[in-house]
Structures are given as structure tokens and as C-alpha cells.
Amino acid sequence: MQALLLQCLAFPLTLLIVFLLARAGAALSYADAALIQGIAACALTRLRGLAVWWLGIQLVFPLALTGALRLDIPPLLFLGLFLFLLALYWSTFRTQVPYYPSAKWVWNEVDQLLPKGKPLLVIDIGSGLGGFTMEMARRRPESRFVGIELAPLPWLASFLRARFTGSRARFVRGDYDNLDLSNYDAVFAYLSPAAMSGLWNKASKEMRPGSILLSYEFLITEKSPDIILMPTGRGAPLYGWHF
């Protein structure tokens, strides 16, 4: 939202620059104007202090928009793509947690970390397409594995996958803030840096003694992890906290 607002704020500046260049005798095309818009948006983005990778997006966006208009793409295609991305990412603008698929080596490590010999209730926060939850349900038939996902499209995909394959995994659509984490023996999360403080605040208040919180890739800064597992070769770590 900030990036879009900065693009809008850059537009009057672009008009002014184009006007001054035209008065000076410069012959500018729409592509030239789009480039000026991108540079102006980059400057504002830099002043606002957004992440450095936004600079490239802000620069390319007006040029990409100009190119798309020249292709004369049917508006319904844009609408369809927008609706698809909306269903996929849904409230990412609020939660700052986009769709992240977890690596399969993590599934093996989680399987080793979970207590054996007793039934468990495990929640996968931000379960995406359901791969982790379904695999754990297959490996641990004595336990119950639940995935919770806020975005409609990933939730629907995971729900249908479980239904058609006969998986014992269960998927619910909703916000994990509405859960009571004291009900679960283990919590697995693959979220984003922006969500980790909120997750810890909730977990520290609700998770019961003997339970475990696992986070793939993203660290909780409020408390040092009890477990740090690194993959062989390249990849992000798996962190764990005992309660």
C-alpha cells in the first residue's frame, strides 16, 4: 500500500518534470514519461525508507504498465489475474505473511522432534497448500494434524487435496489469532519476520508446559531458541522453543 501511494505521489512530480522538459524543447514519448515516473517513485521510496528491493519494483512498474497497455490485453484477463492473486494472498497487506512453501527436509526434522509413543494434536499455522500437514498425518496416524490458512485459494486447495486423497489431516480457514494454543502439543509456523513477535506474544501466554513451538526460517527475537537445526547444504534453519 505504501509503494502504491508513493507511485501516486510521484505522478504530479512526473507531470512537472515532463512539462519543464517539453518547455525546454525535449520530445518525450510515453515510455520516457514512464521512466521519469519510475525514477521519481524510486526517489520517494528511498526517502520513505522502504526495503531496497522496492526500488526495482517502483522503477519497473510504470514501464511495465505502459508496455501492457501497448499489448492491448483484454481487461478481463487483468481482472482474472487480480482475483487469482487476491484469493492466493488475501490479507497479506495486513498480516505481512505471503505464501511460503516449506522445504521437505523440515518435515523430516519435525517428525524427529515430535514426541513418539503418544497421540499428539499439532497445528500448522499458515498451512498453505497443505503439504506439511498431510505428510505428518500420513507418518503419524495416531496423532491429529490441523492446518489453518487465511487465504481462500490455498485453503481450498489443501481442503480438496485432503478430501480426495483420504488424508486424515484437517484444514480450517481462519486467523490463528482466534485459536487457543493451549489445546495443542506442538505448533509449527512458517510465517514472516513481521509476524514473529505477535506469534511469540500469543504462544508465551497460551502454550502449556511440555508443548513445543517450531518456526521454519524466521527467528523470534524476544527469546533465544532452544533448538536450531540447519539443513545440509543451502537452506534456512528450523528453530524450536520448549515450554
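Rings of Phe, Tyr and Trp pair if their centres lie within 6.5 Å, with the six-membered ring taken for Trp. I am working from a predicted model throughout.

**Entry 1. Aromatic pairs**

I looked up the ring pairs and found 8 aromatic pairs in the structure. I took tryptophan 105 with tyrosine 216: the ring centres are 6.3 Å apart and the planes stand at 80°, so this pair is edge-to-face. The cut-off for that class is over 60 degrees. Tryptophan 105 belongs to helix 6 and tyrosine 216 to strand 5, so the pair ties together parts 111 residues apart in sequence. I noted tyrosine 216 as buried, at a relative accessible area of 6%.

Next I took tyrosine 239 and tryptophan 241. Tyrosine 239 and tryptophan 241 are both buried.

Which residues do ring pairs link into a cluster? I wrote down Trp105, Tyr190, Tyr216 and Phe218.

**Entry 2. The nonpolar core**

I then turned to the largest nonpolar core, which has 47 residues. Val110, Ile125 and Leu213 are those with the most contacts inside this core. Elements that each supply at least two residues of the core include helix 6 (104-113), helix 7 (131-139) and helix 9 (196-206). Strand 1 (121-125), strand 2 (144-149), strand 4 (186-189), strand 5 (212-216) and strand 7 (238-242) are also among them. As background, nonpolar side chains tend to be buried together in soluble globular proteins.

What does valine 110 touch, leaving out residues up to four places away in sequence? I listed Phe132, Met136, Phe188, Leu214 and Leu238.

**Entry 3. Helices 6 and 7**

For helix 6, I recorded Trp105, Val106, Trp107, Val110 and Asp111 as the buried residues. The cover over the buried residues of helix 6 includes helix 7, strand 4, strand 5, strand 6 and strand 7.

For helix 7, the buried residues are Phe132, Thr133, Met134, Glu135, Met136 and Ala137. Among what covers the buried residues of helix 7, I noted helix 6, strand 1, strand 2, helix 8, strand 3 and strand 4.

I followed up alanine 137, which is in helix 7. Alanine 137 has a relative accessible area of 5% and is buried. Not counting residues up to four places away in sequence, alanine 137 touches Phe145, Ser167, Arg168 and Ala169. I also looked up its C-alpha separation from valine 122, 15 residues away along the chain, and got 9.6 Å.

**Entry 4. Helix 4 against helix 8**

How do helix 4 and helix 8 cross? The axes of helix 4 (residues 75-89) and helix 8 (residues 152-165) come within 4 Å, and the crossing is at roughly 70°. The range for roughly perpendicular is 65 to 115 degrees, and I therefore recorded helix 4 and helix 8 as roughly perpendicular to each other. At the contact, Phe84, Ala87 and Leu88 of helix 4 meet Pro152, Leu153 and Pro154 of helix 8. Sorted by class, this contact has 6 nonpolar residues, no polar ones and no charged ones.

**Entry 5. Positive phi**

Aspartate 72 has a phi near 55°, a positive value in a residue other than glycine. Aspartate 72 sits in the loop between helix 3 (53-71) and helix 4.

The loop between strand 5 and strand 6 (227-229) holds glutamate 217. With a relative accessible area of 31%, glutamate 217 is partly exposed.

I located glycine 166 in the loop between helix 8 and strand 3 (170-173). Glycine 166 is exposed, at a relative accessible area of 56%. From glycine 166 to methionine 134, C-alpha to C-alpha, I have 9.9 Å in space and 32 residues in sequence.

I located alanine 26 in the loop between helix 1 (2-23) and helix 2 (30-48). Alanine 26 is partly exposed, at a relative accessible area of 36%. Alanine 26 and valine 106 are 80 residues apart in sequence, and their C-alpha atoms are 58 Å apart in space.

Key:
Residues are numbered from 1 along each chain as its sequence is written. Side-chain values use heavy atoms; hydrogens and water are left out. A nonpolar core is a set of buried Ala, Val, Leu, Ile, Met, Phe, Trp, Tyr and Cys residues joined through side-chain atoms within 4.5 Å. Buried means under 20% relative accessible area, exposed over 50%, partly exposed in between (1.4 Å probe, protein chains only). Contact means heavy atoms within 4.5 Å. Axes are lines fitted to C-alpha atoms, for helices over the stretch in contact, and angles run from 0 to 180 degrees between N-to-C directions. Angles under 35 degrees count as roughly parallel, over 145 as roughly antiparallel, 65 to 115 as roughly perpendicular and the rest as oblique. Ala, Val, Leu, Ile, Met, Phe, Trp, Tyr, Cys and Pro count as nonpolar, Asp, Glu, Lys and Arg as charged, and the others, Gly among them, as polar. Rings of Phe, Tyr and Trp (its six-membered ring) pair if their centres lie within 6.5 Å; planes under 30 degrees apart count as stacked, over 60 as edge-to-face and the rest as tilted.
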